[in-house]
Amino acid sequence: MNSLDLHGIRHSEVQVILDQFMWENMKSNQKVVSVITGQSSQMKNIVINCVNDYNMTCEEEYLNPGKFIIKLV
């Protein structure tokens, strides 16, 4: 599973980076990816909103609330 770590990324840059990450993985037929947000609620909301824009779903990883699992299908 491909993963994107957003630690050290500015909130204002996340949308573009996440869009590119998701697009590249969709083109290569990946079904699931992970995104590491850390504990920042603002970062989590940015990721959730971006995933919702794609009409996809994401869930916090079990026992790791700083990581989302995103289904690209």
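Let me start with one pair of side chains. Glu24 forms a salt bridge with Lys27, and their closest N and O atoms are 3.4 Å apart. Bear in mind that this is a predicted model. Both residues sit in helix α1, three residues apart, which is about one turn of the helix.

How accessible are these two? Glu24 has 39% relative accessibility and so counts as partly exposed. Lys27 is partly exposed too, because its relative accessible area is 48%, and the range for that class lies between 20% and 50%.

As background, side chains of opposite charge can pair when their charged atoms come close. How many salt bridges does a search of the whole structure find? The search gives three.

The next one is between Lys44 and Glu60, with 3.3 Å between the closest N and O atoms. This pair links distant parts of the chain: Lys44 belongs to helix α2 and Glu60 to strand β3, 16 residues apart. Is Lys44 buried or exposed? Lys44 counts as buried, because its relative accessibility is 12% and the cut-off for buried is under 20%.

The remaining pair is Glu61 with Lys67, where the closest N and O atoms are 3.5 Å apart. Glu61, at 26% relative accessibility, counts as partly exposed.

Now to the sheet. Strands of a sheet pair through backbone hydrogen bonds, either parallel or antiparallel. Here we have an open sheet of four strands, in the order β1-β2-β4-β3, and the pairing is mixed. Which strands are at the edges? They are β1, residues 2–5, and β3, residues 57–61, and each of them pairs on one side only. On average, neighbouring strands of the sheet are turned by 25° against each other, ignoring direction.

Strand β3 runs antiparallel to β4, residues 64–71, and five bridges join the two. Thr57 stands opposite Lys71 of β4.

That leaves the helices. Helix α1, residues 11–27, packs on the sheet and touches β1, β2 (32–36) and β4. The direction of helix α1 makes about 175° with that of β1. Helix α2, residues 41–53, also packs on the sheet, and its contacts are with β2, β3 and β4. The direction of helix α2 makes about 10° with that of β4.

Terms used: Residues are numbered from 1 along each chain as its sequence is written. This is a predicted model: local features need pLDDT of at least 70, side-chain atom pairs count only at pLDDT 80 or more; totals for chains, interfaces and linings use all residues. Side-chain values use heavy atoms; hydrogens and water are left out. Two strands pair if DSSP finds at least two bridges between them. Axes are lines fitted to C-alpha atoms, for helices over the stretch in contact, and angles run from 0 to 180 degrees between N-to-C directions. Contact means heavy atoms within 4.5 Å. A salt bridge is a side-chain nitrogen of Lys or Arg within 4 Å of a carboxyl oxygen of Asp or Glu. Buried means under 20% relative accessible area, exposed over 50%, partly exposed in between (1.4 Å probe, protein chains only).
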